Amino acid sequence: LFTIGQIYEEDLKDTGAAKATFEEFLQRYPRSQIADQAHKALSDMSQPPPLTPTEVKAAEVAAKKHAAMPTVNGIRFWVTPNYTRVAIDLDAEVKYEAGRIPHPDRIFFDLHNAKLASTLIGKTFAVGGGFLRTVRVAPYQHDVVRIVLDVKDVADYSAFLLPNPYRLIIDIHGKRAVSAITTSNNSSA
């Protein structure tokens, strides 16, 4: 019976049948000289199998990729009569895409293969005045950070990446000039 359990485990790779056979062996022969070996076999089968070299390599690559992902470290903005500028502070270059959604009007930026500093997760920045109402930032997917700009009376927007230090600059241009100049500078990092 013990040998049959070994055959199920080692040759046939049928863990369920091997466990049942070793348990039956221990029920019938609890004082056998090889009862300890049956207990050990059952214990070994209840442990998760060790990772294969391919699985270990994949886990290492994923960990390195996550550690090397650019991080969004801060959000700053300035309001002028004709446009509002938003600076997204980064620690490395990032690829991004933008889009605009009406009703209510908002512009979003998805930063790919990026992560968000823990101090910014789920933050909303009230801007007030000008063409930008709020800036919201949150993880969108596993490796995508989404920045949403809630806007009003916006004619157009533009965005570009600057190095040293890296930052994504977003300019929001209004349909008409705002009556007063308001300068605001928020930073969270």
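**Note on the predicted model: strand pairing and confidence**

1. Strand 1 (residues 71-79) and strand 5 are parallel partners, joined over two bridges. Two strands count as paired if DSSP finds at least two bridges between them. Helices (H or I, at least four residues) and strands (E, at least two) are DSSP runs, numbered from the N terminus. Within this pair, threonine 71 lies opposite lysine 115 of strand 5.

2. This is a predicted model, in which local features need pLDDT of at least 70, side-chain atom pairs count only at pLDDT 80 or more, and totals for chains, interfaces and linings use all residues. Residues are numbered from 1 along each chain as its sequence is written, and side-chain values use heavy atoms, with hydrogens and water left out.

3. Which order do the five strands of the open sheet take? The order is 5-1-2-10-9, with mixed pairing. Strand 5 (115-116) and strand 9 (154-162) are at the edges and have a single partner strand each, so one side of each lacks a neighbour in the sheet.

4. Strand 1 runs antiparallel to strand 2, with seven bridges between them. A hairpin of three residues connects the two strands. Valine 72 has leucine 90 in strand 2 as its bridge partner.

5. Strand 2 (residues 83-90) is also antiparallel to strand 10 (residues 167-174), again through seven bridges. Here alanine 87 faces isoleucine 169 of strand 10.

6. The mean pLDDT (the predictor's confidence in each residue, from 0 to 100) of the protein is 87, and 92% of its residues reach 70 or more. Over residues 180-189, however, the pLDDT is below 50. Where pLDDT is low, the predicted coordinates should not be read in detail.

Technical notes:
Contact = heavy atoms within 4.5 Å.
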